[in-house]
Amino acid sequence: MINHFDRNVFINCPFDHEYRLLLIPILFTLRYCKLVPRIASERLDSSEIRLDKIIEIILESKYSIHDLSRIKSSKKGEYYRLNMPLEIGLDLGCKKFHPDEKYRGKKSLILEGERYSTHKGLSDLSGADVKCHENDAEKVIECVRTWMVEVGRHYVPGPNMIWDDYNIFYAVLSDEFLKRGFKQSQIDTLSIPEYLKFLDEWLPKKSKLAKAY
Amino acid sequence: MSTKKRVHVIKRTDGWVVKKEGAERASRKFDTKEEAVDSAKNYRQKGHDVVVHKKDGTIERWSKS
């Protein structure tokens with residue numbers, strides 16, 4: 001993969017089916033705004049150690065999105081999830097301590113599902129700006145879009161335009177993959193690399209369609 | 001399958017909209033999903049496929065003309 005440090009965004013989030021309904025809109029918004037999402041599941045190589053892959057992505061990314069909405073256990077006997085806090089620690093450590101000055105310019109978005117919940121579990125982040133997506137796909141797009149404006153991205157379309165196009169893209173994706181012999185349930189769980197590949201093929205066509213309309 | 005542009009019924013924070021694929025703006029905004037779906041039926045009668053989306057953006061149903 002070509003290294004675009006100034007456009008790469010490290011995504012630190014869970015990868016379960018329930019969270020996918022937020023992950024997919026996040027990926028869509030980043031690609032729509034010409035940023036490059038980087039996640040641990042972007043390539044599947046069983047021989048690769050996951051932590052090494054994450055450190056490599058952190059070193060290659062100026063931007064990062066850390067979703068801490070799923071760190072709390074949701075039922076009795078379930079462990080809390082420590083991957084996300086570990087990875088935000090690695091990313092913040094890189095920004096503060098890496099000898100290369102370029103890492104001082106790293107920019108992060110911290111997301112939570114319930115307002116003020118992050119500071120209850122991670123009080124060291126008190127004072128940090130945390131955006132709340134309320135576990136809603138439209139709101140997560142708005143959080144990511146607003147953050148992109150705040151970190152100085154020049155061209156960021158409006159939230160309604162991104163959200164509407166996300167819905168439309170989902171229909172285009174479904175239509176195409178049904179023709180390719182997929183079931184809707186398989187389309188809803190399509191692998192991330194396959195999803196991103198199809199999105200990257202669609203985005204230029206979408207721009208042409210909008211101009212021709 | 002219809003060659004006309006698809007029409008989408010989409011949830012927004014402040015209501016529901018009906019939007020034709022490729023259009024810059026939604027054609028109309030409604031307070032309820034039922035009103036939006038009703039309005040989209042007019043497009044279906046004119047030969048457009050209508051896609052009703054869930055509030056998470058995925059597909060609830062697809063009415064092919």
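Trainee: Before we start, what counts as a contact here?
Mentor: We're looking at a predicted model, so everything comes from its atoms. Two residues are in contact when they have heavy atoms within 4.5 Å.

Trainee: Okay, then which residues is A:Y195 in contact with, leaving aside its neighbours within four places in sequence?
Mentor: A:Y195 is one of the residues that touch the most other members of the largest nonpolar core, a set of 51 residues. Leaving aside neighbours within four places in sequence, the contacts of A:Y195 are A:I24, A:L27, A:F28, A:Y166, A:F169, A:L173 and A:L190.

Trainee: Which element gives the largest share of that 51-residue core?
Mentor: Several elements give two or more residues to this core, including β1 (8-12), α1 (17-32) and α8 (192-212) of chain A. The largest share is 10 residues, and it comes from α6(A).

Trainee: How many residues are in the other core, the one that lies apart?
Mentor: Among its members are B:V7, B:W16, B:V18 and B:V52. That core has 11 residues.

Trainee: Now the two chains: how much area is buried between chain A and chain B?
Mentor: The contact takes 19 residues from chain A and 24 residues from chain B. Carbon and sulfur atoms give 58% of the buried area. The area itself is about 2000 Å².

Trainee: Which element gives the most to the side of chain A that touches chain B?
Mentor: By class, that side has 11 nonpolar, three polar and five charged residues. The elements giving two or more residues to it are α5, α6 and α8 of chain A. With 12 residues, the one that gives the most is α6(A).

Trainee: How many salt bridges are there between chain A and chain B?
Mentor: One salt bridge joins the side chains of B:K64 and A:D175, at 3.5 Å from N to O. Polar contacts between the chains come to seven residue pairs. For salt bridges between chain A and chain B, the count is five.

Trainee: Which residues are linked with B:K64 in a network of salt bridges?
Mentor: Start inside chain B, where B:E21 forms a salt bridge with B:R6 at 2.8 Å. B:E21 sits in the loop between β2 (15-20) and β3 (28-30), while B:R6 is in the segment before β1 (7-12), so the pair ties together parts 15 residues apart in sequence. Both of these residues are buried. The network links B:K64 with A:D175, A:K179, B:R6 and B:E21.

Trainee: And B:D14 with B:K29: are these two buried or partly exposed?
Mentor: Their closest N and O atoms are 3.2 Å apart, in a salt bridge. The relative accessible area is 49% for B:D14 and 48% for B:K29. Buried would need under 20% and exposed over 50%, so B:D14 and B:K29 are partly exposed.

Trainee: What about A:D165 and A:K206, how far apart in the chain are they?
Mentor: Their side chains meet in a salt bridge of 3.0 Å, N to O, and both residues are buried. A:D165 is in helix α6 and A:K206 in helix α8 of chain A, which puts them 41 residues apart.

Trainee: Last one: which side chain is joined to A:R70 by a polar contact of 2.8 Å?
Mentor: A:R70 is found in the loop between β3 and α3 (83-97) of chain A. Its relative accessibility is 13%, so A:R70 counts as buried. The residues it touches include A:P14, A:E18 and A:R81. The 2.8 Å polar contact joins A:R70 to the side chain of A:N135.

Definitions and conventions: Residues are numbered from 1 along each chain as its sequence is written. Chains are lettered from A and ligands numbered from 1 in the order in which they are written. This is a predicted model: local features need pLDDT of at least 70, side-chain atom pairs count only at pLDDT 80 or more; totals for chains, interfaces and linings use all residues. Side-chain values use heavy atoms; hydrogens and water are left out. A nonpolar core is a set of buried Ala, Val, Leu, Ile, Met, Phe, Trp, Tyr and Cys residues joined through side-chain atoms within 4.5 Å. Buried means under 20% relative accessible area, exposed over 50%, partly exposed in between (1.4 Å probe, protein chains only). Helices (H or I, at least four residues) and strands (E, at least two) are DSSP runs, numbered from the N terminus. Buried area is the accessible area (1.4 Å probe) that two parts lose on being put together, summed over both. A salt bridge is a side-chain nitrogen of Lys or Arg within 4 Å of a carboxyl oxygen of Asp or Glu. A polar contact is a pair of N or O atoms within 3.5 Å; within protein, one must be able to donate a hydrogen and the other to accept it, and residues adjacent in sequence count only if both atoms are side-chain atoms. Ala, Val, Leu, Ile, Met, Phe, Trp, Tyr, Cys and Pro count as nonpolar, Asp, Glu, Lys and Arg as charged, and the others, Gly among them, as polar.
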